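Visitor: I am new to reading structures like this one. Could you walk me through it, one feature at a time?

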Amino acid sequence: MSNEELLRRYEAGGGHLAAARADGLAVPPSLRTAVVTCMDSRIDVFALFGMKIGEVHVLRNAGGVVTDDVIRSLTISQRKLDTRDVLLVQHSGCGLATFTDEDFSEALAEETGMRPPWRTHAFRDPKTSVRRDIAQLRHDPFLHPDTRVRGFVLDIESFALDEVFVGDGTDEVKEPAAS
């Protein structure tokens, strides 16, 4: 049912609107930045950061976690399209904090007869997850050596951003950024 609604919206002018917004934009993002965030439908990344089409690459997945595919996409973004900054944005109240990898895999195995070959990257605390993902990105050999990574936890109710720091001696979250 929802597929048909989206296609109806496309036919009602969505395709023409998208083409008009992209007209004349270069392929490399103008802010040389990639944003990695959750697929949560409440998060409008463009509105959150006051962005326009063509300014950043937006990579979304369940939890906004760093996976092999995120590394693949970031590497291509950097090596072929000159991005250098990575902004990680996970959020409070994320569904990935409601189960474990093992529980999810076991439930799928019981239903389908086989375990998935991938992990969910479930986490208990988004701050801890962001810290781990920042560390992973900062040490990934395929990302450009000049990569600048910053990570945040978005409060899904107030939409305040709390920056998460790694390796600066404090390893704690700073006061919310101005909203």
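Visitor: Among contacts between residues at least 6 apart in sequence, what percentage join residues at least 24 apart?

Guide: A contact means heavy atoms within 4.5 Å. In this protein, among contacts between residues at least 6 apart in sequence, 63% join residues at least 24 apart. Please keep in mind that this is a predicted model, where local features need pLDDT of at least 70 and side-chain atom pairs count only at pLDDT 80 or more, while totals for chains, interfaces and linings use all residues. Residues are numbered from 1 along each chain as its sequence is written, and side-chain values use heavy atoms, with hydrogens and water left out.

Visitor: How many helices and strands does the protein have?

Guide: Helices (H or I, at least four residues) and strands (E, at least two) are DSSP runs, numbered from the N terminus. Here there are five helices and six strands, in the order α-β-α-β-α-β-α-α-β-β-β from the N terminus on.

Visitor: What share of the residues is buried?

Guide: Buried means under 20% relative accessible area, exposed over 50%, and partly exposed in between (1.4 Å probe, protein chains only). Of the 179 residues in the protein, 36% are buried.

Visitor: Which residues line the second largest pocket?

Guide: First, the idea. On a 1 Å grid over the protein atoms alone, a pocket is an open set of points where a 1.4 Å probe fits, with protein on both sides within 12 Å along at least five of seven lines; lining residues have an atom within 4 Å of a point. Here the lining consists of Thr33, Phe49, Asp85, Val86, Leu87, Arg148, Val149, Arg150, Phe152 and Leu161. Strand 4 (148–154) gives the largest share, four residues. About 160 Å³ of space lies in this second largest pocket, a volume being the space filled by probe spheres set on grid points joined across faces, edges and corners.

Visitor: And which residues lie nearest the centre of the largest pocket?

Guide: They are His121, Ala122, Phe123, Ser129 and Arg132, out of 13 lining residues. The space in the largest pocket is about 210 Å³.

Visitor: How many salt bridges are there?

Guide: A salt bridge is a side-chain nitrogen of Lys or Arg within 4 Å of a carboxyl oxygen of Asp or Glu. By this rule there are nine. One of them joins Arg150 and Glu163, at 2.7 Å from N to O. That pair links distant parts of the chain, since Arg150 sits in strand 4 and Glu163 in strand 5, 13 residues apart.

Visitor: Are Arg150 and Glu163 buried or partly exposed?

Guide: Arg150 has a relative accessible area of 45%, so Arg150 counts as partly exposed. Glu163, at 8%, counts as buried.

Visitor: Which residue forms a salt bridge with Glu106?

Guide: That is Arg115, with the closest N and O atoms 2.5 Å apart. Arg115 also forms a salt bridge with Glu102, at 3.2 Å. Arg115 lies in the loop between helix 4 (101–112) and helix 5 (126–138) and Glu102 in helix 4, so this pair ties together parts 13 residues apart in sequence.

Visitor: What is the phi of Asp82?

Guide: Phi of Asp82 is near 65°, a positive value in a residue other than glycine. Asp82 lies in the loop between helix 3 (68–81) and strand 3. Phi of Phe159 is also near 65°, and Phe159 sits in the loop between strand 4 and strand 5 (161–164).
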